[in-house]
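Please read the following points with the sequence and the model open beside them.

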Amino acid sequence: MAVGKMEGCGKATLKLEIGGAAPKEVELPVYCGTEGPSVVDVRGLYREAGVFTHDPGFFSTSSCASAITFIDGEEGILRHRGYDIQDLADNCTYLEVCYLLMYGELPNEKEYQEFAHKITYHTMVHEQINFLLRGFPRRAHPMAILVGSVASLSAFYHDSLDIFDEKQRDLASIRMLAKMPTLTAMAHKYSLGQPFVYPRNDLDYTSNFLHMMFATPCEEYKVSDVAARAMNKLLILHADHEQNASTSTVRLASSSQANPFACIGAGISCLWGPAHGGANEAVIDMLEEIGDVSNIPEFINRAKDKEDPFRLMGFGHRVYKNYDPRAAVLKLSCDEVLEEVGVTNSPKLQIAKELERIALEDEYFVERKLFPNVDFYSGIIYEALHIPVELYTGLFAMARTAGWVAQWREMISDPEQKIGRPRQIYTGEPRRDFVPMKKR
Ligand code: CMC
């Protein structure tokens, strides 16, 4: 598997003038990737000069070399292994993209069939997991169930926990991809009080997921082609996004050599927050709260008001300072899917489009380069497919498992990888004398 290779391409000289000390120059190596900004390697800085770099939120820090995903936030470009996201979303199945992310190349027919077969034959979960789920309250959020049940896979599949064994890594990867739809659908069925639906091996990945979501033992369920196609596209668009918060969480957790199921459980926890994957659910709540196109100006004003914690959900991105290319694909998909499922007049879609139009003309959003992101339109499609809003972030997690798995595999194979251990600037009390309790 290809690991991101950094080529030395220059040196940076850093001149430090700290306090009254004599100025000091430190020479640092510079590396260039195949695309994107070059990086200054600061690993030797503390050794050479006794100072740390300070970058909370990682605005200017690269944490690894990776050959999986390239983003140009200024231009609004997203590519996986060199392929534009639009091409992948228009032409591939989600499993083809999983293969691409994991192994570096698009599969040929034989490779694809073998991969799909392996995934299909790992979709069932250990029967004991049914009982684990039954311990949750019926009203539990599906993300709580996913965090718990995914991490618990490490208790069931002991033969895929050795991260230094390539075969076990592969087995864990296949299991993760195969079982995520099953667990996500189980979380949904549990909330409804309906029986869990077992996977069906004659269905493809997305159709099988929809079947497990919507079939009941009482009658035949036919998966709709429109729904399967839309779901396939949604999964591809969420599959990977380089070193975002949840992927970095998976990498950081794995850097201690923890098992993959526990690490992906950590990634799911991070994704849950409304600043990250939880935004898709928050967008729908927001559109409902806005309620009518006439109320949009009030919400735009609230988003601009620094005294008000309200933000336009599904707007803004740390990396994209241009239209998120995933949102562009989804905006088009919204129209297609709604038309195909017969929703001719979606008030939420109307509000979303008008909100986008007004925001993109407003100086506040223009100045800060705030555009719709992937979460802005996805919920409207999920709603048309009858997916309940509490499950939107779970679907994001299911899709992003491809990226987490690929990034985890790349990291384990990378000889440069070390345990992640950031440092800090200490701003607390300097040393002081201990005071016994009676004297405090
Ligand atoms: N509504 C109103 N103002 C915003 C918004 C927004 N959605 N996003 C950013 N801003 C303002 C922010 O107040 C700040 O203004 P100022 O410079 O005057 O202080 C400026 O824009 C920069 O924002 P930031 O919070 O410093 O930027 P960040 O890169 O740390 O945060 C973000 C990125 C995605 C967390 C943020 O844009 C946000 O909270 N968006 C809403 C939540 C959302 O849609 N999240 C999904 C992200 S994409 C998918 C994913 O990652 O899962």
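**Notes on the predicted model**

1. The largest cavity holds about 70 Å³ of space, and the structure has one cavity of 30 Å³ or more. A cavity is here a set of points, on a 1 Å grid over the protein atoms alone, where a 1.4 Å probe fits but cannot get out, and lining residues have an atom within 4 Å of a point. Grid points are joined across faces, edges and corners, and a volume is the space filled by probe spheres set on the points. The lining of the largest cavity includes Met124, Val125, His126, Glu127 and Asn130, and also Thr182, Met186 and Phe196.

2. This is a predicted model, in which local features need pLDDT of at least 70 and side-chain atom pairs count only at pLDDT 80 or more, while totals for chains, interfaces and linings use all residues. Residues are numbered from 1 along each chain as its sequence is written, and side-chain values use heavy atoms, with hydrogens and water left out.

3. His126, one of the residues that line the largest cavity, sits in the loop between α4 and α5 (128-134); helices (H or I, at least four residues) and strands (E, at least two) are DSSP runs, numbered from the N terminus. At 35% relative accessibility His126 counts as partly exposed, where buried means under 20% relative accessible area, exposed over 50% and partly exposed in between (1.4 Å probe, protein chains only). Leaving aside neighbours within four places in sequence, His126 is in contact (heavy atoms within 4.5 Å) with Phe156 and Tyr157.

4. The second largest pocket has a volume of about 260 Å³, a pocket being an open set of points with protein on both sides within 12 Å along at least five of seven lines. Its lining comprises 20 residues, and Leu95, Tyr112, Asp204, Tyr205 and Thr206 lie nearest its centre. The elements giving two or more residues to this lining are α3 (94-103), α4 (109-120), α8 and α9, and α4 gives the most, with six residues.

5. Which residues of α8 are buried? Helix α8 is mostly covered, with nine of its 10 residues buried, namely Tyr205, Thr206, Ser207, Asn208, Phe209, Leu210, His211, Met212 and Met213. These buried residues pack against α3, α4, α7 (166-192), α9 and α18. Thr206, which belongs to α8 (residues 205-214), has a relative accessible area of 5% and is therefore buried; not counting residues up to four places away in sequence, Thr206 touches Ala228, Met231, Asn232 and Leu235.

6. Helix α14 (residues 325-340) has 16 residues and reaches 23 Å from its first C-alpha to its last, close to the 22 Å expected at 1.5 Å a residue; the expected span is 1.5 Å times one less than the number of residues. Just after α14, Gly342 takes a positive phi of about 85°.

7. An open sheet of three strands has the order β4-β5-β6, with antiparallel pairing, where two strands pair if DSSP finds at least two bridges between them. β4 (69-72) and β6 (83-84) stand at the edges with a single partner strand each, so one side of each is left without a neighbour in the sheet. Four bridges join β4 to β5, and in β5 the bridge partner of Phe70 is Arg79.

8. Most residues other than glycine have a negative phi. Glu242, although not a glycine, has a positive phi of about 40°; Glu242 lies in the loop between α9 and α10 (245-254) and is partly exposed at 25% relative accessibility. Gln257 likewise is not a glycine and has a positive phi of about 75°, its place being in the loop between α10 and α11 (260-271).

9. Is His238 buried or exposed? His238 lies in the loop between α9 and α10 and counts as buried, at 0% relative accessibility. Not counting residues up to four places away in sequence, His238 touches Val374, Asp375, Ser378, Tyr382, Phe396, Ala399 and Arg400.
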